[in-house]
Amino acid sequence: REEALSDKDFAFLQEQLETRLTHATERLGALERRSEAASRVIAAATSSIAFVQGAFALRHIESGELLREVLGPDGKTIETPFGQPRIQPHGNGPPAEFQFTGTGFLLEGGQHLVTNRHVAMPWTSGDRARAFEASGLKPEMLKLVVYLPDMQGPISAALLEVSETADVAVLTVAPLRIEGRGLTLSPTPSRAGEEVYLLGYPTGLKALLAQAGPDFLKAMTARSDTDFWSVAAHLSDQNLIKPLASGGIVAQVSSSAVIYDAETTIGGSGGPALNRFGRVVAINAAILPEFGGSNIGVPVSQLADLLRETLAE
């Protein structure tokens, strides 16, 4: 009888139970909203994520000629002992192309596209620029295009401005067909512990071909049309250009870098890191594999500064 529950005890326990159920429901609701936020953010941003494709050439400063491939009597490119095309300033073939891919994203309004400086000007990464200069060579862009999901064909792009202090660049794109797309920038900086969603094209054409499936590869091989430019164009024609997405947590924030563990790799440079509201908080710029796959993004404040300077001009 002493351990029996009284009416008051029942009333108290019922109140406590209802309180805990309310808290549990709120927590579950919050988790569901966060889960839904990821799907919502990724779905809304996908159409604004651009696959960047380009090629640059090298001009011999002394002669003023572009380095060109050397063709043999049979019209085929002569190769070096290392299996690379032989190139020289007075070659009789096409200009030697140094091809690259990357990621970019449209800004709200659709006339400007953001990426990394090392994507828009790939010859500036590492010691390339210094090596080219020492060899008497000057890089120059041959072709720069972007592809957008669910939009067929390449869109010409041109470099508008690059930051001197951060790995950020702004391109201009033909706005004729780009309406209703574009991402907005977060007005506040990211915070440690915040969730971020990263979209991009890691590994470039390789990942896109893997997603396209074996039938697409067979069709391309049968046509013997598998060069760098044709593959991207065919993928676009069949609406097979879609970015990959990953999620992670912000580990550290400073005025010059946002570090997070959302996974990506080479080719994902220039993609946006989005918060749960779908706003850009950073531009993915580098990988830190030695730190468990962490990545570095350029804070959106650096981009905002560049845009203010660019638009003011």
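User: What do the buried residues of α4 pack against?
Analyst: This is a predicted model. In it, the buried residues of α4 pack against β1 (49-60), α5 (214-223), α6 (228-237) and β10 (244-253).

User: Which residues of α4 are buried?
Analyst: Helix α4 covers residues 205-212, and its buried residues are Leu-205, Ala-207, Leu-208 and Ala-212. They sit on the same side of α4, because the arc they cover around the axis is only 160°.

User: And which ones are exposed on the other side of α4?
Analyst: Lys-206 and Ala-210 are exposed there.

User: Why do residues three or four places apart point the same way in an α-helix?
Analyst: An α-helix has 3.6 residues a turn, so residues at that spacing point the same way.

User: What follows α4?
Analyst: Gly-213 does, and its phi is positive, near 95°.

User: On to α5 and α6. At what angle do they pack?
Analyst: The angle is about 135°, and the axes of α5 and α6 are 12 Å apart. That makes α5 oblique to α6. Their crossing is right-handed.

User: Which residues meet there?
Analyst: From α5, Phe-216, Met-220 and Arg-223; from α6, Ser-230, Val-231, His-234 and Leu-235. By type, the residues of this contact are 4 nonpolar, 2 polar and 1 charged.

User: How many residues of α6 are buried?
Analyst: 8 of its 10 residues, so α6 is mostly covered. The buried residues are Phe-228, Trp-229, Ser-230, Val-231, Ala-232, His-234, Leu-235 and Ser-236.

User: What covers the buried residues of α6?
Analyst: The cover includes β1, β4 (98-106), β6, α4 and α5.

User: Is Leu-137 buried or exposed?
Analyst: Leu-137 is buried, because its relative accessible area is 14% and buried means under 20%.

User: What does Leu-137 touch?
Analyst: Leaving out residues up to four places away in sequence, Leu-137 touches Leu-58, Arg-59, His-60, Ile-61, Leu-67 and Phe-132.

User: How many residues apart along the chain are Leu-137 and Arg-59?
Analyst: They are 78 residues apart along the chain, while their C-alpha atoms are separated by 5.5 Å.

Key
Residues are numbered from 1 along each chain as its sequence is written. This is a predicted model: local features need pLDDT of at least 70, side-chain atom pairs count only at pLDDT 80 or more; totals for chains, interfaces and linings use all residues. Side-chain values use heavy atoms; hydrogens and water are left out. Buried means under 20% relative accessible area, exposed over 50%, partly exposed in between (1.4 Å probe, protein chains only). Helices (H or I, at least four residues) and strands (E, at least two) are DSSP runs, numbered from the N terminus. The arc is that of the directions from the helix axis to the C-beta atoms. Contact means heavy atoms within 4.5 Å. Axes are lines fitted to C-alpha atoms, for helices over the stretch in contact, and angles run from 0 to 180 degrees between N-to-C directions. Angles under 35 degrees count as roughly parallel, over 145 as roughly antiparallel, 65 to 115 as roughly perpendicular and the rest as oblique. A crossing is left-handed if the near helix is turned anticlockwise from the far one by less than a right angle, and right-handed if clockwise. Ala, Val, Leu, Ile, Met, Phe, Trp, Tyr, Cys and Pro count as nonpolar, Asp, Glu, Lys and Arg as charged, and the others, Gly among them, as polar.
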